[in-house]
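I write each entry in the order in which I checked it.

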Amino acid sequence: MQQFHPSNTRGMIEMRCYQLKQWFYVKRPKGIVDREHYELRESDFSPQLSKNEVLIKSEYISVDPYMRIQQAATHSWEPPHPLNTVQGAAVVAKVLESNNSNFQPGDWVTGYTGWQTHAIVHGNEIQTLDPEQADVKTALGILGMPGRTAWFGLMEAGKPKPGETVLVSGAAGAVGSLVTQFAIKAGCRVVAIAGSEEKCEWLKTLGVVEALNYKAFSSAPQLQTKLLELGGIDVYFDNVGGMVSDAALTSLNLRARVVVCGQISQYNGGLDTPEMSPRFLHQLLYKRASVHGILARDFTHRMAEMIEHVAPWVKAGEIQFRTTEVNGFEYLPDTLAGLFEGQNIGKAIVRVV
Ligand SMILES: NC(=O)c1ccc[n+]([C@@H]2O[C@H](COP(=O)([O-])OP(=O)(O)OC[C@H]3O[C@@H](n4cnc5c(N)ncnc54)[C@H](OP(=O)(O)O)[C@@H]3O)[C@@H](O)[C@H]2O)c1
């Protein structure tokens, strides 16, 4: 909603007024994160931009599993997300007003302005997107943080070699579906694990040698038997932890590499009270395997390198970038909760309507 107010100084200067909506993170979840941990606040504002500042309006907002890690009361790679602040998140936005010569109204940009409809940012806090080069939503997925995680996690920590078997858990998700496709491009046999038949069917169309629905396996030994039948694992790209990882760690081949990217099965409560299971670290010894935890932000300075490799594949349609889009700013907390129920295929995004 836009209104125009005459300024009371220097004659009639156009002052636009905008309706701002913000989701504040207000309560730490003990288990599942949900709407009750957030509060929707609405207000009107008339922006006054300082030099080099830009007013942006979010069109697409990201929801990501790491948000749940930040909600735990304990320190992770950084302090917990503060209460009574806007939920942090990456966005794709349009410039509404600009006091910075590098940005014009109508430009597409990406930044980290969180779960709010509008934000005033300094020009160096946002990057311009070219819709002619790629769908702007790729900035939240394949050409953004998930793409960086998948690319550097697989290539630098997984070190895949042609012919090797790469097991990807959470394979139909934002990161997993990209790891799957990057590993196939690297000449590997990919075994994909996901949580529904629909997801497995899609993964088969991407060219995996096998797609396994982990919900069809009642125990880690049962899944382990299947993985060993498939020839064991040279690279395990772990997005989920829990039972799937118990099976994977007992199915490693000699000198396997385990990439610990995420442990989503443990986020809802398990971060403070981890789920205990049989200890399999002796398997790492027998197999002279290595384990490497990776964090997307450690590779932020190498973003251009990832884009140089991956953007041509996106443009040529050689990599599928799939999204699950939810229409409506008001559904942000529900969409976050949906990640833990496997509601998304590919990158989960909320469209601001
Ligand atoms: N290290 C880093 O820098 C970094 C960066 C980005 C993401 N990550 C991690 O990578 C993982 C994937 O992130 P993403 O953004 O790509 O999310 P995503 O995979 O698109 O969405 C989450 C998926 O996790 C699966 N899942 C939820 N609960 C599960 C459970 N209990 N057991 C097994 N699978 C479960 C669901 O798929 P199913 O239907 O298959 O269960 C769900 O769709 C997360 O663990 C995340 O924290 C790490």
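The entries below go from the domains to their interface and then to the aromatic rings.

Entry 1, the domains. I noted at the start that I am working with a predicted model. I looked up the domain assignment, which gives domain 1 as 2-141 + 322-351 and domain 2 as 145-297, and I found that the C-alpha centres of domain 1 and domain 2 lie 31 Å apart.

Entry 2, the interface. I looked up which residues meet there, and I found 24 residues of domain 1 in contact with 19 residues of domain 2. The area buried between the two domains is about 1700 Å², and carbon and sulfur atoms give 61% of this area.

How many salt bridges cross the interface of domain 1 and domain 2? I found one salt bridge across this interface. I also counted six residue pairs in polar contact between domain 1 and domain 2, with both residues at pLDDT 80 or more. On the side of domain 1 that touches domain 2, helix α1 (residues 66-71) contributes the largest share, three residues. Sorted by class, this side of domain 1 has 12 nonpolar, six polar and six charged residues.

I looked up the aromatic pairs and found that the structure holds nine. I wrote down Trp23 and Tyr38, whose ring centres are 6.4 Å apart and whose planes stand at 85°, so this pair is edge-to-face. The pair links distant parts of the chain, with Trp23 in strand β2 (residues 14-25) and Tyr38 in strand β3 (residues 38-45), 15 residues apart.

Definitions and conventions. Residues numbered from 1 in each chain as written. Predicted model: local features only at pLDDT ≥ 70, side-chain atom pairs only at ≥ 80, totals over all residues. Heavy atoms only, no water. Domains from an automatic or database assignment. Contact = heavy atoms within 4.5 Å. Buried area = accessible area lost by both parts, 1.4 Å probe. Salt bridge = Lys/Arg side-chain N within 4 Å of Asp/Glu carboxyl O. Polar contact = N/O pair within 3.5 Å; in protein donor to acceptor, adjacent residues only side chain to side chain. Helix = DSSP H or I, 4+ residues; strand = E, 2+ residues; numbered from the N terminus. Nonpolar A, V, L, I, M, F, W, Y, C, P; charged D, E, K, R; others polar. Phe/Tyr/Trp six-rings, centres within 6.5 Å; stacked < 30°, edge-to-face > 60°.
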